[in-house]
Structures are given as structure tokens and as C-alpha cells.
Amino acid sequence: MKRFLYIAHALGLVTIFWSAILFLPYAFSLYYQDGWDKNFLYAIGITASVGLFLFLVGFPFKRELRLKDGLLLVFSVWLLFPAIGTLPFMLPYHPGEFTLDFTRAYYEVMSGLTTTGSTVIADVTGLPKSINAWRHSLIWVGGMGILVLAVAILPLLGVGGHQVMRGEAAGPMKEEKLTPRIAGTAKALYAIYIGSTLLCVLCYRWAGLSWFDAWCHAGSTMGLGGFSTYTNGYADINKPAVEWVACIFMLFAGINFATHFTAFRTRSLKAYKYCPEALPFLTVVLSSAFLISVYLFLSGYYTSVNNAFRYGFFNTISLATTTGFANADYSLWPIALPIWMLVIGNFSSSAGSTGGGVKMIRMVILFKQIGIELKKLIHPHGVFPLKVKRRLINRSVISAILLFLIVYAGTFMFCAALLLISGLDYDTAVSAALASISNIGPALGEVGPMSNYGVLNDFAIWVCTFAMLIGRLELFTVMIIFAPEFWRK
């Protein structure tokens, strides 16, 4: 209990900041006069009150955040904020018949914050503008990480922000900084994130979307989330120019934002050459998209080369970057294609990007280690240090990656088993578990790209919610909270 008091003041500050984000959909509601302004106003009041209470309770116990404090803060935020985020969906002050129960509202918000992008809402097109604005705001804020943004703009978190970043950041190497101060690193990342989002909005508008749709889809694209203002997503939009804009920015967001920052600061593209993930990421994604497109044409699924490449590239890039957009029902393609798309979505995104999965850097190190083990079979007495772009990788990092992959696979199988127990068929259960833990979103079977997760029962929805959370926080940030040693002095 006392450890929670140590982080209560910081949790209160971040919660107050979270209430400020609710002003954005509130402004949309007033502008479009959709009648949901009271929902957002009450949600702002409740959220700010909870934040103020936590701040006042924890203020006497305020101290510099330590490692355990930072991990507990990250876990607490990712449990509390989805609960608070359900308020606009559940408060009774709105017209019409649209409503969600707590289970589905919590899933919808968790899906947004983890940038999974799967939905339980059957008719997205008919949603009020402010609700759609809220859903896409969740993805945009969750894309770079709630607490990374908090560290950037709330210096009251002080030096402890480093511990927060360690718990929030993705990838095996969490100690790297772009600037001497961790708050400066967070600000640098968000400067690139905000700037590229604004550019994405302009490109979407140029491609033919309205300003509202351009803003919503830009937030979803840069967050690699996959929410849309249309029920069938890009299949309803049906504009090739919009789809190619999405492809370009999905690829951009799938690369480490630290690499983008370095390229911008040095005014050189060499940063991408020296990045250990950028070229492997682009190679895997683009080569897969090309081969899938060629197969779709040669197999006669699409008789036009243009259509084969249009649908092949868009859907492959979307799933590979864990975005989850779709402009066609790829579950009807030859089954090997969507399976491969889900597989590469499980690992191709870079650490430091807004994508999910195990991250490309882990796979790069894993394959290099496999090569070294093969060399040792030939030269048993040889010494073969593992290097990535001239950087020596410590044995502890390699061991941590192997352990992570084992636990990741075990967690995936556990979630898939629970979904099978819930009554789902094999294709739906396995693909939904993989799509949830990798934060991809749409899967196969009952939860394919032209369906939604609202067809699942409550138990299955909570399993997917847990999978999204543990996947977004990369397993150990969640698991460590339940270890008895964590709570010992």
C-alpha cells in the first residue's frame, strides 16, 4: 500500500493531464452539435477530481521515482486510464440509442490506447463526430505512449521520468537517450511525432478526405492503430490516393522515431542506413507486399495488375506495421497470405516506433545469434562476438531476448487456449490471440477485417483486453507487478 502512495502524486498529475485531453472531443461535440458535450464535460470533471484526489493523497509521500515506482506507475496508468476513458461511452447524458456496457467500453478504449485498433462497435460510420474524435485521440496519444507524453510536458515528474520511460519504452535496449535529459528525449520524439502527424493530415486532405476524416485517419495512421470513421474502413473510402498516403505514413511510423530524429538533426539519410532495424523492416514489409501482390495476380484472384498491387501492398503494409486498416476482405484470399501477413506483423515493426509485436531488433539479434551458433559447430574454439551495426551486444541482452520470446510464445498460447475454451473456433481463437498480443487488431474467422470483436462473449473480450495490455507493455512490466519480490522492501 505504501508503495502505491509513493506514486499517487505522479499518477494524480498524469490523470489531471488526461482530463485535459478530453477537451478535444468536447470541442468537436460543441462544433458539430451532436449532443454529446455533457458526456465529455462530466467525464472531464470526474477525471480531474480523481486526479486531484490522488495528487493530494500522495503529495506527503512524494519522492524521486525509483525503478519499482516507475513500473507500478506505468501499470497503474494503463489500468486506470481505460476505465476513465469509458465514461464518454457510458454516461447517460446523450441522445440516441448508442451505448456500450463496461466490458465493451473498456475493450474499445484499451484497443485505442494500445493502438490495436480493433473495435466492438458494429456501425462506426453512424457514431457521433465527437465519439469518433475521442476514439482516434486515444490511438494518437497511446501511439507514442501516454507516459512518454507526460514526461515531456510534466517536468514535475523530475528525474523519476527515466524510470517511467524504462517501463513504457519498447524494445530490448531501454537505456538509450537522444538528449542528456529524459524529458528532452520525450520532447524530441513528440516533436517528430506531431510534425509528421500534421503532414499526414495535409496529405490525406490533398488525397480527398474531409478535414475531420483527415485528422482522424492521420491520428490512427501515425499511431499505427487502425480505427476509422467508416465501418468498413478504407474499403468504404475507396480512393487509391488515400490508400497510398496511408502506406507511406504507415511505413514512416513503423521505423524507430529516434532514427527519424537523428536523420532530421543531421540532415542526412545515413541515419536509416546505420539503424539496425530500418532496412530489415523495409525489406521484409515491401518484399512481402510485392510477392503477395504478384501471387494475387498470377493466381487470378485479381485480373488487373493495378488492383493486385493496390490491395496487396495496402493490406500487407497495414498488417505488417500492426495498423490493421483494410481495403479488402483479405480473409478470403488464399489462406497462406493472411497468415503470413499476421506473422510478419508479429515482429517487423521497429522498437521506438508506434507499432506492436516483438520488434525487429529482437529478430535481428536472434538471427545473428543463430549464425554464431552455426559457426561454433564448425569452429568449436572460435570466439564470435555478436555485433549489430558495429555495436557489441552484451550476453545479458541476448539472454533477455530469448527469455522474452519464450514468455511471449507461452502467453500467446495461453490466450489462444482461453479463447478456445470460450467457444471460438480454432482459426478465430488463434488469430485473435496473435492479433491482440501483437496489437494488430483484425484477425481471421469471426473477427476478420470486415467484422468486429463485438461478436465475442464477455469472457473472450476480457481475454483479448488482457492480451492487448500485456503485449503493449511487453510482458514483464505487467508480470513483475504480480511477483512477491516486487512488494518486498
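Me: Where is the place of Leu224?
Reply: In this predicted model, Leu224 sits in the loop between α11 (211-222) and α12 (234-237).

Me: What is the phi of Leu224?
Reply: Phi is positive, about 50°, although Leu224 is not a glycine.

Me: Gln33 is not a glycine either. What is its phi, and where is its place?
Reply: Phi of Gln33 is near 50°, a positive value. Gln33 is in the loop between α2 (23-32) and α3 (37-58).

Me: How do you know whether Gln33 is buried or exposed?
Reply: Its relative accessible area is 71%. Exposed means over 50%, so Gln33 is exposed.

Me: What caps the N-terminal end of α14?
Reply: Asn256 does. A side-chain oxygen of Asn256 lies 2.8 Å from the backbone nitrogen of Ala258. The helix covers residues 257-266, and its buried residues are Phe257, Ala258, Thr259, His260, Phe261 and Ala263. Just after α14, Arg267 takes a positive phi of about 55°.

Me: Where is Ser293, and why is it called buried or exposed?
Reply: Ser293 is in helix α16 (residues 278-298). Its relative accessible area is 0%, so Ser293 is buried. Leaving aside neighbours within four places in sequence, Ser293 is in contact with Ala308, Phe309, Gly312 and Phe313.

Me: What about Gly312: where does it lie, and what does it touch?
Reply: Gly312 lies in helix α17 (residues 305-320). Not counting residues up to four places away in sequence, Gly312 touches Ala289, Ile292, Ser293, Leu296, Asn307 and Trp333. Gly312 has 0% relative accessibility, so it counts as buried.

Me: What makes the pair Arg104 and Asp458 a salt bridge?
Reply: Their side chains meet at 2.6 Å, N to O. The cut-off is within 4 Å, so the pair is a salt bridge. The pair links distant parts of the chain: Arg104 is in helix α6 (residues 102-113), Asp458 is in helix α22 (residues 458-472), and they are 354 residues apart.

Me: What does Glu108 form with Arg135?
Reply: A salt bridge, with the closest N and O atoms 2.9 Å apart. Glu108 is in helix α6 and Arg135 in helix α7 (residues 129-144), 27 residues apart. Glu108 and Arg135 are buried.

Me: How do you know that Lys359 and Glu474 meet in a salt bridge?
Reply: The N to O distance is 3.6 Å. That is within 4 Å, so the pair meets the rule. Lys359 is in the loop between α18 (336-345) and α19, and Glu474 is in the loop between α22 and α23 (476-479). Lys359 has 2% relative accessibility, so it counts as buried. Glu474 has 6%, so it counts as buried.

Me: How many residues has the largest nonpolar core?
Reply: That core has 147 residues. Those with the most contacts inside it are Trp18, Tyr204, Trp333, Ile365, Leu419 and Tyr453. Helix α20 (residues 395-421) gives the largest share, 11 residues.

Me: How many helices and strands has the chain?
Reply: The chain has 23 helices and two strands. Of its 489 residues, 58% count as buried.

Methods: Residues numbered from 1 in each chain as written. Predicted model: local features only at pLDDT ≥ 70, side-chain atom pairs only at ≥ 80, totals over all residues. Heavy atoms only, no water. Buried < 20%, exposed > 50% of the residue type's maximum accessible area, 1.4 Å probe, protein only. Helix = DSSP H or I, 4+ residues; strand = E, 2+ residues; numbered from the N terminus. Polar contact = N/O pair within 3.5 Å; in protein donor to acceptor, adjacent residues only side chain to side chain. Contact = heavy atoms within 4.5 Å. Core = buried A, V, L, I, M, F, W, Y, C linked by side-chain atoms within 4.5 Å.
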